[in-house]
Amino acid sequence: EAVTQRLPIWDRLAPEDPVPPNTLSAPLLDIARHCLRSDPKRRWTIGDIASRLNPAAAAPPPRQPIERAHMSARSRYLIPAALVLLLIVAAVAGLKVFNSETKARPEPTATTETTPPEPGQVENITAPENDQPTSNEKKNLDRVPDAPAPVQPKQPASVPVTGASGEDVIHRVIPDAPQGALDTIRGTVRVSIRVSVTPAGEVSEVTIDSPGPSKYFAKLAQQAAQQWKFAPGIATDWILRFEFSATGVKAFSAQAAP
């Protein structure tokens, strides 16, 4: 098989012996034919192979006992060496044929598909250490909802107010942050906005007092702060603080220190 790159063809159930290919040259063809006998008793032995490879050694002329012993000892080493050499040559020839077939095969071309990011996708944001979520917030973050629900604007449960009554803020606007963007937050992102209020209660100027770790959420907070309305007659500066988390957005307000 190493020399011809195929096995002999024969019927394993039939009594006929396998027939090696005629392309094998002598003496390999003769040796292969006799070594592939179906009947083990008819197969050639090492001595038979040695006689075929070296016919002159099969019938040596009469010699002295010492010479015959010397020749027998030398043949005992030469015959295995010749068989080993023959096997090495056959193996090398088979490896060359196998390597040439392997090089001829085309290499498969690897294709890599890249999934484009979804529109409006926001990078993951990690809140500072002092803004890490509480135990209740961690439970909400670890809980995976069955289906994402749109975030509805929420009014804070309590709004701290300094130097004015709770009725000074008559219209609050919660930033419209997509749920996909909120899901990227680990903890709480806090943004502080300073607004200047006119005597009519309108916001006249908006500046970012503390942007937090994300410019994206700071921009949303700034846009929402521009739409706040206050009670007329309290012209002053206010600090609006927005807290973004995976569970939603909260807003707090307080008069700025003079």
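**View 1. Ser192 is placed in strand β4, with helices (H or I, at least four residues) and strands (E, at least two) taken as DSSP runs numbered from the N terminus.** The structure is a predicted model, in which local features need pLDDT of at least 70 and side-chain atom pairs count only at pLDDT 80 or more, whereas totals for chains, interfaces and linings use all residues. Residues are numbered from 1 along each chain as its sequence is written, and side-chain values use heavy atoms, with hydrogens and water left out. Ser192 has a relative accessibility of 14% and therefore counts as buried, a class that means under 20% relative accessible area, with exposed meaning over 50% and partly exposed in between (1.4 Å probe, protein chains only). Leaving aside residues up to four places away in sequence, Ser192 touches Ile208, Asp209, Ser210, Ile239, Leu240 and Arg241, where contact means heavy atoms within 4.5 Å.

**View 2. Arg194 also belongs to strand β4, which spans residues 189-197.** The residue is partly exposed, its relative accessible area being 29%. Thr207 lies 13 residues from Arg194 along the chain, and the C-alpha atoms of the two are separated by 5.3 Å. When residues up to four places away in sequence are not counted, the contacts of Arg194 are with Glu205, Val206, Thr207, Asp209, Asp237, Trp238, Ile239 and Ala256.

**View 3. Phe230 is found in strand β6 (residues 229-230).** Phe230 is buried, with a relative accessible area of 1%. With residues up to four places away in sequence again excluded, Phe230 touches Asp168, Val169, Ile170, Val195, Val197, Ala200, Gly201, Val203, Trp238 and Leu240. Between the C-alpha atoms of Phe230 and Glu167, which are 63 residues apart along the chain, the separation is 8.3 Å.

**View 4. Helix α1 (residues 28-35) and helix α2 (residues 46-53) have axes that come within 10 Å and cross at roughly 160 degrees.** The axes are lines fitted to C-alpha atoms, for helices over the stretch in contact, and angles run from 0 to 180 degrees between N-to-C directions. The two helices α1 and α2 are therefore roughly antiparallel to each other, given that angles over 145 degrees count as roughly antiparallel, under 35 as roughly parallel, 65 to 115 as roughly perpendicular and the rest as oblique. The contact is made by Asp30, Ile31 and Cys35 of α1 together with Ile49, Arg52 and Leu53 of α2. Within α1, the residues Leu29, Asp30, Ile31, Ala32 and His34 are buried, and the buried residues of α1 pack against α2.

**View 5. Helix α7 (residues 215-225) has the buried residues Phe217, Ala218, Leu220, Ala221, Ala224 and Ala225.** These residues lie on the same side of α7 because they cover an arc of only 160 degrees around the axis, the arc being that of the directions from the helix axis to the C-beta atoms. An α-helix has 3.6 residues a turn, so residues three or four places apart point the same way. Exposed residues Lys215 and Lys219 are carried by the face of α7 turned away from its buried side. At the start of α7, a side-chain oxygen of Ser214 reaches to within 3.3 Å of the backbone nitrogen of Tyr216.

**View 6. The whole protein has 7 helices and 8 strands.** Of its 258 residues, 28% count as buried. Among the contacts with a separation of 6 or more, 62% are accounted for by residues 24 or more positions apart.

Definitions and conventions:
A polar contact is a pair of N or O atoms within 3.5 Å; within protein, one must be able to donate a hydrogen and the other to accept it, and residues adjacent in sequence count only if both atoms are side-chain atoms.
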